[in-house]
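Me: I am new to this structure and would like to go through it step by step. Could you show it to me, so that I can ask about its parts?

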Amino acid sequence: MSGNGLRFLRQVVEAGTKCRGFESILDKVKVVSGGNGKMVCEMTVTEDHQNRLGTLHGGMTAALVDAVSTWALLTSERQVAGVSVEMNISYMKAAKVGEDILIEANSVKVGKTLAFLNVDIKKKSDGALLAQGKHTKFIGS
């Protein structure tokens, strides 16, 4: 992605996570790359993100799938955020507090009314797959 496009993504993420709403839980997410319907972010799992077992909370994982796939969709040809229709997440492995994770989103198909997105969440250290998400969004007619 060009410097201007990457700067745009960073501004979108910063604006969304600095607000006084739910998305503020994503304030530790850092944009690595993005463009053409794709996006890669990274984050260190903190105590604010943990469940009772000291690992990445499933709800936080779902929020990451939702947000990062939406940000990737903003870089697609249609440049829309859309509205969630369905999300499915498969949890495969835990990430502990202090571990760095990568969140990789891809716009699989952006049609007239629906967009289909995939998200892989991996450990940064060894690439181990932690969770996979599928996100369907209504993007208008």
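Me: Is Val85 buried or exposed, and how large is the relative accessible area behind that label?

Reply: Please keep in mind throughout that this is a predicted model. Val85 lies in strand β3, which covers residues 83-91. A residue counts as exposed when its relative accessible area is over 50%, so Val85 is exposed, with a value of 53%.

Me: Which residues make the nonpolar surface patch of about 280 Å²?

Reply: Val85, which is exposed, is one of the residues that make this patch. The patch has an area of about 280 Å², and the residues that make it are Val83, Val85 and Phe138.

Me: How many bridges join β5 to β6?

Reply: Strand β6, made of residues 129-138, also pairs with β3 in the antiparallel sense, over eight bridges, and in that pairing Met87 stands opposite His135. On the β5 side, Leu114 stands opposite Phe138 of β6, and the two strands form a hairpin with five residues between them, where Gly127 in the turn has a positive phi of about 75 degrees. Strand β5, residues 114-123, runs antiparallel to β6, and the number of bridges that join them is nine.

Me: Which side chain does Ser69 join in a polar contact of 2.6 Å?

Reply: Ser69 has its place in helix α2, and since buried means under 20% relative accessible area, Ser69 is buried at 0%. The contact of 2.6 Å runs between side chains, and the partner of Ser69 is His135.

Me: Where does Gln79 lie, given that Gln79 has a positive phi although it is not a glycine?

Reply: The phi of Gln79 is about 50 degrees, and the residue is exposed, with a relative accessible area of 59%. Asn36 is also not a glycine and has a positive phi, of about 55 degrees; it lies in the loop between β1 and β2 and counts as exposed at 75% relative accessibility. As for Gln79, its place is in the loop between α2 and β3.

Me: Which residue meets Lys122 in a salt bridge?

Reply: The N to O distance in this salt bridge of Lys122 and Glu104 is 3.3 Å. The pair links distant parts of the chain, with Lys122 in strand β5 and Glu104 in strand β4, 18 residues apart. Lys122 counts as partly exposed at 22% relative accessibility, and its partner, partly exposed at 27%, is Glu104.

Methods:
Residues numbered from 1 in each chain as written. Predicted model: local features only at pLDDT ≥ 70, side-chain atom pairs only at ≥ 80, totals over all residues. Heavy atoms only, no water. Patch = residues over 30% accessible without salt bridge, like charges linked within 9 Å, V, L, I, M, F, W, Y side chains within 5 Å. Areas by Shrake-Rupley, 256 points an atom, 1.4 Å probe, with all protein chains shown as cover. Salt bridge = Lys/Arg side-chain N within 4 Å of Asp/Glu carboxyl O. Helix = DSSP H or I, 4+ residues; strand = E, 2+ residues; numbered from the N terminus. Buried < 20%, exposed > 50% of the residue type's maximum accessible area, 1.4 Å probe, protein only. Pairing = 2+ DSSP bridges. Polar contact = N/O pair within 3.5 Å; in protein donor to acceptor, adjacent residues only side chain to side chain.
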